[in-house]
Amino acid sequence: MKTLTDLSPSEVRDVFREMRLPSFRSDQILQWIYKTGATSFQEMTNLSKSLREKLTAEWQLDSLREVKRNKAKDGTIKFGFSLHDSHIIESVLIPMETGKQTFCISSQVGCTMGCKFCNTARMGLTRNLTASEIVCQVLHLYREAELSENQAFNVVFMGMGEPLANLDNVLKAIAILTDKNAMNLSRRRITVSTCGIVNGIRRLAREPHPPQLAISLNAADDETRLKIMPITEGNPLSELLDQLKRYPLPPRERFTFEYVLIRDVNDRDEDAANLPRLLNKLRYKINLIPFNPFPGSDFLAPDTARIEAFQQILFKKNVTATIRKSKGQDIQGACGQLAASLGTELE
Ligand code: SAH
């Protein structure tokens with residue numbers, strides 16, 4: 001069956017034009033999907049019964065089925081969604097101290113990047129998500145978040161998968177999310193996080209409205225980085241930074257560099273001291289993420305004193321560096337903990 005949430009609003013209009021329906025009908029339907037949050041045509045009470053039935057027979061709206069949810073003590077909720085081919089992805093709804101909500105969404109089933117500290121990497125890659133499967137994660141979380149009118153939310157591509165390895169569908173999903181006739185989300189509220197695929201960043205830079213960019217840096221030199229992130233081979237730091245210097249970063253915006261702190265791997269004083277030298281000439285902030293363990297992981301987080309000492313070295317160089325309190329750890333919903341475990345649990 002065809003999926004309506006795979007189409008941009010202008011494509012939706014084309015479809016309905018071909019069905020000889022007036023254009024206000026497509027506006028109504030888009031409104032139902034993206035503003036009201038309808039998941040079926042049956043809910044669209046201002047359409048005739050016969051039209052609802054015709055649409056229901058030809059088109060599906062929602063490409064996800066919720067199969068699991070876990071709520072953490074801090075309010076974070078991790079959702080498991082089943083796809084049409086029974087694969088499972090996870091998305092996380094994170095309430096922030098500011099009152100805002102962050103929707104952490106997946107871009108692939110699994111991942112091929114092979115980062116040694118990440119649980120998703122151990123799944124390997126099954127397939128890319130479609131634009132609809134990405135958009136529908138946002139729609140599901142949006143309904144769950146029960147935001148008041150005008151309450152802002154952020155979308156971060158920090159769930160399972162490498163968004164720049166599925167760039168066509170990620171860009172299509174972003175186009176739908178930001179379209180004023182669909183979700184009308186500001187591009188500033190969308191962050192794409194990458195392990196540093198230089199070609200993908202180059203392509204993103206050519207977009208008319210590129211999203212915010214976060215880069216999972218995790219080391220200040222190629223040698224250390226290669227030990228934990230195989231993508232460094234073929235994407236050395238020098239090329240990554242060259243590409244970032246050419247990125248059309250709007251005034252007042254900054255890159256975010258994520259840095260997973262792993263005991264005795266990348267947590268030395270000299271690693272901290274090397275970061276500002278490496279990132280020299282860029283506008284940025286650093287998010288320090290103490291390593292989150294998962295079943296079978298070999299790494300440890302540094303102790304609190306080490307984490308704070310690392311941060312202090314950055315502060316002394318006037319670098320903005322926050323320690324990210326990982327949310328949802330008790331439900332395996334924090335950074336790097338999302339994985340297929342769910343699939344086996346369901347069997
Ligand atoms: N593939 C993209 C999107 C995933 S984002 C990327 O690499 O950016 C997931 C974030 O969690 C990344 O910044 C990654 O460095 C971090 N991460 C992965 N495993 C982690 C772990 N075990 N503990 C803490 N952070 C982790």
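Figure 1. Helix H10 (residues 304-316) lies across strand S12 (255-261), strand S13 (284-290) and strand S14, contact being defined as heavy atoms within 4.5 Å. The helix runs at about 165° to S14; axes are lines fitted to C-alpha atoms, for helices over the stretch in contact, and angles run from 0 to 180 degrees between N-to-C directions. Helices (H or I, at least four residues) and strands (E, at least two) are DSSP runs numbered from the N terminus. This is a predicted model, in which local features need pLDDT of at least 70 and side-chain atom pairs count only at pLDDT 80 or more, while totals for chains, interfaces and linings use all residues. Residues are numbered from 1 along each chain as its sequence is written, and side-chain values use heavy atoms, with hydrogens and water left out.

**Figure 2. The open sheet and the S10-S11 pairing.** The order S3-S4-S5-S6-S9-S10-S11-S12-S13-S14 describes an open sheet of 10 strands with mixed pairing, where two strands pair if DSSP finds at least two bridges between them. Strand S3 (65-71) and strand S14 (321-323) are the edge strands, each pairing on one side only. From one strand to the next, the twist averages 20°. Strand S10 (residues 190-194) and strand S11 (residues 212-216) run parallel and are joined by four bridges. Within this pairing, Val 192 stands opposite Leu 213 in S11.

**Figure 3. The salt bridge between Asp 269 and Arg 306.** The closest N and O atoms of this salt bridge are 2.6 Å apart; a salt bridge is a side-chain nitrogen of Lys or Arg within 4 Å of a carboxyl oxygen of Asp or Glu. Because Asp 269 lies in helix H9 (residues 269-279) and Arg 306 in helix H10, the pair ties together parts that are 37 residues apart in sequence. Asp 269 is partly exposed, with a relative accessible area of 42%, and Arg 306 is partly exposed at 23%. Buried means under 20% relative accessible area, exposed over 50%, and partly exposed in between (1.4 Å probe, protein chains only).

**Figure 4. The salt bridge between Arg 187 and Glu 253.** The closest N and O atoms of Arg 187 and Glu 253 are 3.1 Å apart. Arg 187 lies in the loop between helix H5 (167-178) and S10, and Glu 253 in the loop between helix H8 (237-245) and S12, so the pair ties together parts 66 residues apart in sequence. Arg 187 is buried, with a relative accessible area of 18%, as is Glu 253, with 9%.
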